[in-house]
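Please look over the sequence and the model below. The paragraphs that follow begin with the charges and then go through the fold, the salt bridges and a surface patch.

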Amino acid sequence: MLAWLADQRHSMQLLLQEIVDIDSGSRQVEGIEAVATVLRRHLEAAGLAVDFHPVAGHGPMLQARLPDAAEGPAVFLMGHMDTVYP
């Protein structure tokens, strides 16, 4: 796992740079949608099923699932897509 992560370092840094360059302050729906769209693209490319759940005035919640998630233990990861500053 550590070797795989080390191999992914550059692409993960590029993704992080792409996300932090999006102006996505709290309640800035357009920016939060843009971050969610970038994340969706990467998650779907990795084979995950992705859904957006709209939240009025805040932008979407993003839900991603592994194809065979029902067959294994559940793992829940949570984060936020806004930059929390004006």
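The model is predicted: local features need pLDDT of at least 70 and side-chain atom pairs pLDDT 80 or more, whereas totals for chains, interfaces and linings use all residues. Residues are numbered from 1 along each chain as its sequence is written, and side-chain values use heavy atoms, with hydrogens and water left out.

Two helices and two strands make up the elements of the protein chain, in the order α-α-β-β from the N terminus. Helices (H or I, at least four residues) and strands (E, at least two) are DSSP runs, numbered from the N terminus. The C-alpha trace spans about 35 × 30 × 20 Å along its principal axes. Of the 86 residues, 17% count as buried, where buried means under 20% relative accessible area, exposed over 50%, and partly exposed in between (1.4 Å probe, protein chains only).

Side chains of opposite charge can pair when their charged atoms come close. Three salt bridges are found in the whole structure, each being a side-chain nitrogen of Lys or Arg within 4 Å of a carboxyl oxygen of Asp or Glu. Glu-18 and Arg-41 form one of them, at 2.8 Å from N to O. This pair links distant parts of the chain, with Glu-18 in helix α1 and Arg-41 in helix α2 (residues 29-45), 23 residues apart. Glu-18 is partly exposed because its relative accessible area is 30%; Arg-41, at 46%, is partly exposed too.

Glu-44 and Arg-40 also meet in a salt bridge, at 3.2 Å from N to O. Both lie in helix α2, four residues apart, about one turn of the helix.

Between Asp-51 and Arg-65 the closest N and O atoms of the salt bridge are 2.8 Å apart.

Met-1 lies in the segment before α1 (2-20) and counts as exposed because its relative accessibility is 75%. Together with Leu-2, Trp-4, Leu-5 and Met-12, Met-1 makes a nonpolar surface patch of about 610 Å². Patches are made of residues with over 30% relative accessible area and no salt bridge, like charges being joined within 9 Å and nonpolar side chains (Val, Leu, Ile, Met, Phe, Trp, Tyr) within 5 Å. Accessible areas come from the Shrake-Rupley method with a 1.4 Å probe, and for residues only the protein chains shown count as cover.
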